[in-house]
Amino acid sequence: MKHNVILGIESSCDDTSAAVIVDGLLRSNVIASQQVHEQWGGVVPELASRAHQQNIVPVVDAAIRQAGITPQELTAIAFTRGPGLIGSLLVGTSFAKGMSIGLGIPLVDVNHLHGHVLSHFIREKEDDEVPEFPYLCLLISGGNSQLIIVRSPEEMEIIGRTIDDAAGEAFDKCAKVMGLPYPGGPHVDRLAQEGDAGRFKFAKPHIPGLDYSFSGLKTSFLYTLRDEKKKNENFVEENKADLAASLQRTIIDILIDKLDKAVKQTGIKTIAIGGGVSANSGVRQAVADYCERNRLKAFIPPRKFTTDNAAMVAIAGHFKALNGDFCSLDAVPFARVTV
């Protein structure tokens, strides 16, 4: 029987990653992170694409070696086609095409967001539990906050999305105003564990339906700091933990409120979260607690599969390859798209 051996390549932002999945089981997942962006307070696209060029060959080589296979055993190459930084995507796309031609095997283009949604199907052992369809996925990352009904690996319906900033942007932008290093989300999470989440009150939007909005919260946070610093120039430094905890609690409340509405509207009993913000300890605990209170099945991914990684690209590619859903060599990357 022919095995399904997928090489996944992820290069959508500032992490170069490669992974190998064999018949649905993860064999390797290698990530090279870029530290060069920290001094600029955000990802610099040109620096990111240059770093991908330096990293992609050794990362792919390491993934194949750690998987214990040879390149000739691969049956398909899955790559992130978008969304993301176009220069970074071009590096991964071009490398995947060259390798596809050299090995004479097909290409699978993967939507980066689909990878996050399907990350719960990454199995390291045969008996690892995966969701049953349909499930409701809360996708929360730096650029996206979405509620998605997942009926199959191919059929996904967005029932709610952000109309402005995403949850990850709210974390990072508010962290920057506080003077925290980039990326700000993990620093807010760390500080929040030491602070009083009820100390400060920030604005919560009243958006009808299941759509999200975080711009009002961001503005409310900014104005609070501005007004308080007029009274005490050391306000932020003296209240960092409480500010972080209150900010995190507000973001979580907004996320859980819409999730609860979606559960009641759809009647779906299985909940999953994905995306970079799903690494946040407060978000993870809040979703777990909500599901336990309401007798729902919760799927919360290991932190290593929440950030950008090639394992999620490989598992999405695995499902597409099983259906013979390959792409041509003239496929071009795209910077923006929704699920």
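1. Salt bridges overall. Searching the whole structure turns up 20 salt bridges, where a salt bridge means a side-chain nitrogen of Lys or Arg within 4 Å of a carboxyl oxygen of Asp or Glu. Keep in mind that this is a predicted model, so local features need pLDDT of at least 70 and side-chain atom pairs count only at pLDDT 80 or more, while totals for chains, interfaces and linings use all residues. Residues are numbered from 1 along each chain as its sequence is written, and side-chain values use heavy atoms, with hydrogens and water left out.

2. Lys125 and Asp128. These two side chains pair up in a salt bridge, at 3.1 Å from N to O. Lys125 is partly exposed, at 48% relative accessible area, and Asp128 is partly exposed too, at 22%. (Buried is under 20% relative accessible area, exposed is over 50%, and partly exposed is in between, using a 1.4 Å probe and protein chains only.)

3. Arg151 and Glu157. Here the closest N and O atoms of the salt bridge are 2.9 Å apart. Arg151 has a relative accessible area of 36%, which makes it partly exposed; Glu157, at 34%, is also partly exposed.

4. Lys320 and its network. Lys320 meets Asp325 in a salt bridge of 3.8 Å, N to O. Both belong to a network of salt bridges that also links Arg81 and Asp109. Lys320 is partly exposed at 22%, and Asp325 is partly exposed at 37%.

5. Helix 7. This helix covers residues 235-266; helices here are DSSP runs (H or I, at least four residues), and strands are E runs of at least two, numbered from the N terminus. Its 32 residues should span 46 Å at 1.5 Å a residue, and the end C-alpha atoms are 44 Å apart, so the two agree. The expected span is 1.5 Å times one less than the number of residues. There is a bend of about 55 degrees at Ala241, taken as the angle between axes fitted to the seven residues ending there and the seven starting there. Helix 7 is mostly covered, with 23 of its 32 residues buried. Gly267 follows, with a positive phi near 75 degrees.

6. A nonpolar patch. Val177, Leu222 and Tyr223 make a nonpolar surface patch of about 260 Å². Val177 sits in helix 4 (residues 167-177) and is partly exposed, with a relative accessible area of 37%. Patches take residues with over 30% relative accessible area and no salt bridge, joining like charges within 9 Å and nonpolar side chains (Val, Leu, Ile, Met, Phe, Trp, Tyr) within 5 Å. Accessible areas come from the Shrake-Rupley method with a 1.4 Å probe, and for residues only the protein chains shown count as cover.
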